[in-house]
Amino acid sequence: MRSIYDLSFNQLEAQLAAWDQPRYRALQVWQSLYHDLAAAPEAITTIPTRLRQRLAAEYRFASLSRLVEAASSDGQTRKYLFALPDQHQIEAVLMGYARRRTTCISTQAGCAMGCVFCATGQMGFRRHLSAGEIVEQVLVFARELKHAGDRLTNIVVMGMGEPFHNYEATMAAVDLLNDPRGFNFGARRITISTVGLVPMIDRFAAEKRQVNLAVSLHAATDELRSELLPINKKYPLAPLFGAVRRYAGATRRRVTFEWALIQGQNDTPQQARALATLAAGLPCHVNVIPLNPTRDYTGQAATRERAAAFQAALAERGIPCTIRVRRGLDINAGCGQLATEASHPGKRLPIRNDPR
Ligand code: SAH
Ligand code: SF4
């Protein structure tokens, strides 16, 4: 059965027309789902009961069933492990920091990219998520926040999976969330993170979306990057930076580079220098986060001193860099990876080795 959230507005309209419904029904259903955040067909009270029943019979309104719920001890991070109808599992996280309410969502069950330090990469690829399965993660948190009189402020596509490997569904989800008739979530408050699939960066640039782009860099020499991120063998740094520069030129937008700092690996002055050379003149920002240790990777998070030195080496060369804090560590937030909600930009925050 298809998820109701897989339908674009036009598809919903076509479906309802095929059921001989008057034209205005599509907007009623759409607004219930995405504005009023109805979680079940019974809650779509603006339409006749028989239509509710038909929708319930033919579409899935809840593809995600919650298996595990975990909250960090400071109460600021909440993570859900969901089972999909075919029993594959995905994670989604909600992080609260100051006035921000950020959800981090998944685009695939598992990931095919095999980055050595990544818990999801270590799982291997299971399957792509549909647009509806991506959107529903956001809706789950949006409904809860609404219930608490609060609302979502940011969406980061940094959960399990490589969004540019599931490009169509990811962008369909962005469009659904963007739609001013419904969820009306501004593209500028959405960030998509990619491991660096060059053709997809070009496609993304050509679409001139307002969505923010983050590129997981983690190393500034091909030798080290290929060790950490096997996809670098297919798309090495030169073509990657070519695409990133074309993106920046076409969109006039600043790119974020992600860098998980690993003790003795990518935290060296040489790597900082190489990064500064690659990024020279490019409107960009480097997000440094301490590595979150995972089961199959022996690397450790860099120390606070090394992180500060790395940041200083970049600053010297004019590359802005923020050291992020890991949040919700005690619930292993972010697929063993990405509790990287922003610290105050520019403010240096302590990095501890993993307390677990
Ligand atoms: N596949 C996309 C998005 C999901 S991963 C990508 O790779 O960009 C989100 C971010 O978490 C990426 O920057 C990724 O490199 C980082 N990450 C993965 N495992 C990590 C770990 N163990 N510690 C810190 N960051 C990690
Ligand atoms: Fe996939 Fe991103 Fe993890 Fe790499 S870091 S394995 S691309 S989820």
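The report covers the basis of the model, the ligand shell and the strand pairing.

## Basis

The model is predicted: local features need pLDDT of at least 70, side-chain atom pairs count only at pLDDT 80 or more, and totals for chains, interfaces and linings use all residues. Residues are numbered from 1 along each chain as its sequence is written, chains are lettered from A and ligands numbered from 1 in the order in which they are written, and side-chain values use heavy atoms, with hydrogens and water left out.

## Ligand 1

The shell around ligand 1 (residues with a heavy atom within 4 Å) holds 21 residues, of which G161, S193, S216, H218 and N292 come nearest. It divides into nine nonpolar, 10 polar and two charged residues; Gly counts as polar, and Asp, Glu, Lys and Arg as charged. Strands (DSSP E runs of at least two residues) β10 (190–194) and β12 (255–261) each supply at least two shell residues.

Polar contacts are pairs of N or O atoms within 3.5 Å. The side chain of S193 places an N or O atom 2.6 Å from a ligand oxygen. Ligand nitrogen is 2.9 Å from a polar backbone atom of F117, and a backbone N or O atom of G161 also lies 2.9 Å from a ligand nitrogen. The protein covers 96% of the 530 Å² of accessible area that ligand 1 has on its own (Shrake-Rupley, 1.4 Å probe).

## Strand β4

Strand β4 (residues 77–83) is largely enclosed by the rest of the structure, because six of its seven residues are buried (under 20% relative accessible area).

Strands pair when DSSP finds at least two bridges between them. Six bridges join β4 to antiparallel β3 (residues 65–71), with V68 opposite L81. Seven bridges join β4 to antiparallel β5 (residues 89–97), where Q89 partners A83.

How values were computed
A polar contact is a pair of N or O atoms within 3.5 Å; within protein, one must be able to donate a hydrogen and the other to accept it, and residues adjacent in sequence count only if both atoms are side-chain atoms. Helices (H or I, at least four residues) and strands (E, at least two) are DSSP runs, numbered from the N terminus. Buried means under 20% relative accessible area, exposed over 50%, partly exposed in between (1.4 Å probe, protein chains only).
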